[in-house]
Amino acid sequence: MRDVAIIGVGMIPFGRRDEDSLMDMLAYASLKALDDAGLGDKGVNAVYVGNMGAGILQHQTSIASSLVDRLSLLPAAADVVENGPASGGSAVKNGLLAVASGYYDIVLVVGGEKMREVTGWRATDFVATMAHPQVEYPYGITLPGMGGMFTRLYMEKYGVTREHLLAVSLKNQEMGALNPYAHVEMTLDREGIFDSPHAVVNNPIAADPLHLYDLCPVSDGAAALVLCPLEMAKKMAKLPVLIAGFGQATDTHTLQEREDPTELKAVTLAARQAFEMAKLKPADIDVAELHDAFTILEIANSEHVGFFKKGEGGKAALTGKTRFGGQIPINVSGGLKARGHPVGATGVAQIVDIVWQLRHELPKNRQVKNARHGLTVNFGGFGNNVTAFVLKRVEP
Amino acid sequence: MKKEIAITAFKCKKCGRIHYPYHDRCLDCKNREFEQIKPHGNARLLTYTVIYNLPWGFDQRFLVLGVAEFENKIKAMGQIKVDSIEHLKMGMKMLPSWEPVRVQYGEDVYGLKFEPIK
């Protein structure tokens with residue numbers, strides 16, 4: 001197996017992009033990554049596209065074939081990778097394995113989703129197609145609904161409070177306001193969403209006990225990266241970032257069949273595999289992007305990857321340990337909460353953000369000092385398919 | 001007339017683990033033989049939520065949902081018949097029923113509903 005490096009990254013601002021088609025967004029992000037890699041007209045051997053819903057939302061299939069044609073990357077191999085909200089992470093995995101095996105040298109991975117062209121009603125239904133088709137979906141369950149039931153159990157077992165959730169929400173919105181790629185570039189005011197009579201109106205219950213500002217927005221967006229063998233990367237212009245570790249694990253489709261539904265086994269296993277491959281520990285990580293589709297998930301993920309003991313994640317968020325400048329900065333990009341969550345794009349976008357951190361390319365107000373190791377966790381379904389990556393700065 | 005709860009769960013003939021929904025192999029011991037079992041008695045509410053952003057197909061303001069465990073250990077999701085979740089508590093006893101839970105293509109789709117036992 002060869003070591004694999006990321007040599008180019010690109011992202012387009014997430015949000016509501018009425019003017020762009022899904023293919024526009026995939027192409028824009030891809031070109032940015034190819035240009036960042038300095039590949040010029042050099043060939044790309046293969047393209048992996050992470051996308052969950054083009055067939056449902058855009059009534060369009062075979063989008064990887066369309067993309068290579070549009071980008072004039074023919075005759076590159078091209079595949080779509082669909083794995084729910086972990087489609088991006090799974091697409092990167094496919095690229096990683098293809099290069100590591102020696103089969104391909106240069107691989108483009110792009111993740112994208114266009115969710116805002118349908119009504120909220122339809123978008124909610126689209127995401128809910130991840131639920132079990134016989135024993136969950138018919139009841140009207142949504143992913144935020146699952147998040148609400150999970151939160152209630154987590155509160156009961158570990159004493160997580162709305163204050164803890166609020167700390168995550170305020171932190172991620174504060175960072176998102178500094179990120180030009182974020183969907184919601186807006187800070188939140190504690191009083192406005194929690195402490196005052198107006199909070200009931202500004203921050204209503206969405207999926208009890210989760211409120212509106214505990215949830216990520218529904219977004220359009222795309223992100224891309226270019227992979228090649230580390231030895232080849234060392235001869236290229238950009239500082240390479242090594243994919244030092246990768247892990248992926250699955251869990252039962254329904255929450256009800258988990259012995260302890262507060263246990264996110266797939267997160268624990270995926271992170272453990274990634275750390276073992278990288279020969280690193282959670283304490284070695286300088287910056288992390290964890291899948292915070294709901295504020296509770298940042299807290300639970302921070303515990304399950306090993307940053308904090310079970311039951312300590314909420315307190316860690318409340319006391320500033322996960323803030324920019326804290327013990328382990330989590331979601332400095334604003335996370336899904338503020339950067340947004342175009343489902344197929346998220347796993348790729350998390351890695352792009354960590355690459356910028358490890359190359360030390362971000363402005364001072366978002367750059368984690370001397371960042372050398374980063375972690376990403378991309379959470380599919382309700383934790384039934386999770387990918388984790390450990391990335392490492394390659395010193396020049 | 002009250003309808004029978006049309007749920008079938010699957011008890012592993014080797015290790016006894018109860019599965020709902022169906023799996024081809026036992027999640028614990030990989031055995032492929034199951035005894036079909038029906039839910040028995042009342043249920044105990046394990047967790048619940050109320051959602052206000054409903055998916056396509058639901059023309060109502062909110063929906064109360066939960067997961068409950070029957071007396072013979074089958075766990076299942078269902079809709080909860082309350083006006084407000086103020087009336088709910090984890091662990092409380094629920095009366096199960098089999099009723100329309102949504103309409104699809106003009107037809108009622110039946111499923112589990114739970115109602116708190118006062």
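Colleague: In the antiparallel pairing of strand β10 (residues 373-380) of chain A with strand β11 (residues 385-393) of chain A, how many bridges are found?

Modeller: This is a predicted model, and what follows should be read with that in mind. Within the pairing, A:Leu375 stands opposite A:Val390, the latter belonging to β11(A). The two strands run in the antiparallel sense, and the number of bridges between them is eight.

Colleague: Which strands form the edges of the sheet in chain A?

Modeller: The sheet is open, with nine strands in mixed pairing, and its order in chain A is β3-β2-β4-β7-β1-β8-β11-β10-β9. Neighbouring strands are turned by 25 degrees against each other on average, with direction ignored. An edge strand pairs on one side only, and the strands of chain A for which this holds are β3 (77-81) and β9 (287-290).

Colleague: Helix α11 of chain A lies across which strands?

Modeller: The helix covers residues 265-278 of chain A, and its direction is about 150 degrees to that of β8(A). The strands of chain A that helix α11 lies across are β8 (241-250), β10 and β11.

Colleague: Which element gives the most residues to the side of chain A that touches chain B?

Modeller: The contact takes 31 residues from chain A and 29 residues from chain B. On the side of chain A, the elements that give two or more residues are α5 (120-128), α6 (143-158) and β5 (205-207). The residues on that side divide into 13 nonpolar, 11 polar and seven charged. With seven residues, the element that gives the most is α6(A).

Colleague: Where in chain A does A:Pro209 lie?

Modeller: A:Pro209 is joined to A:Asp208 by a cis peptide bond, with omega at about 5 degrees. Another cis peptide bond joins A:Leu74 and A:Pro75, where omega is about 10 degrees, and A:Pro75 has its place in the loop between α3 (63-70) and β3 of chain A. A:Pro209, for its part, lies in the loop between β5 and β6 (210-211) of chain A.

Colleague: Why does A:His59 count as exposed?

Modeller: A:His59 is found in the loop between α2 (54-58) and α3 of chain A, and its phi is near 55 degrees, a positive value in a residue other than glycine. A:His59 counts as exposed because its C-beta neighbours inside 10 Å number 7.

Notes. Residues numbered from 1 in each chain as written. Chains lettered and ligands numbered in written order. Predicted model: local features only at pLDDT ≥ 70, side-chain atom pairs only at ≥ 80, totals over all residues. Contact = placed C-beta atoms within 7 Å. Helix = DSSP H or I, 4+ residues; strand = E, 2+ residues; numbered from the N terminus. Nonpolar A, V, L, I, M, F, W, Y, C, P; charged D, E, K, R; others polar. Pairing = 2+ DSSP bridges. Axes fitted to C-alpha atoms, helices over the stretch in contact; angles between N-to-C directions. Buried ≥ 20, exposed ≤ 12 C-beta atoms within 10 Å, placed from the backbone.
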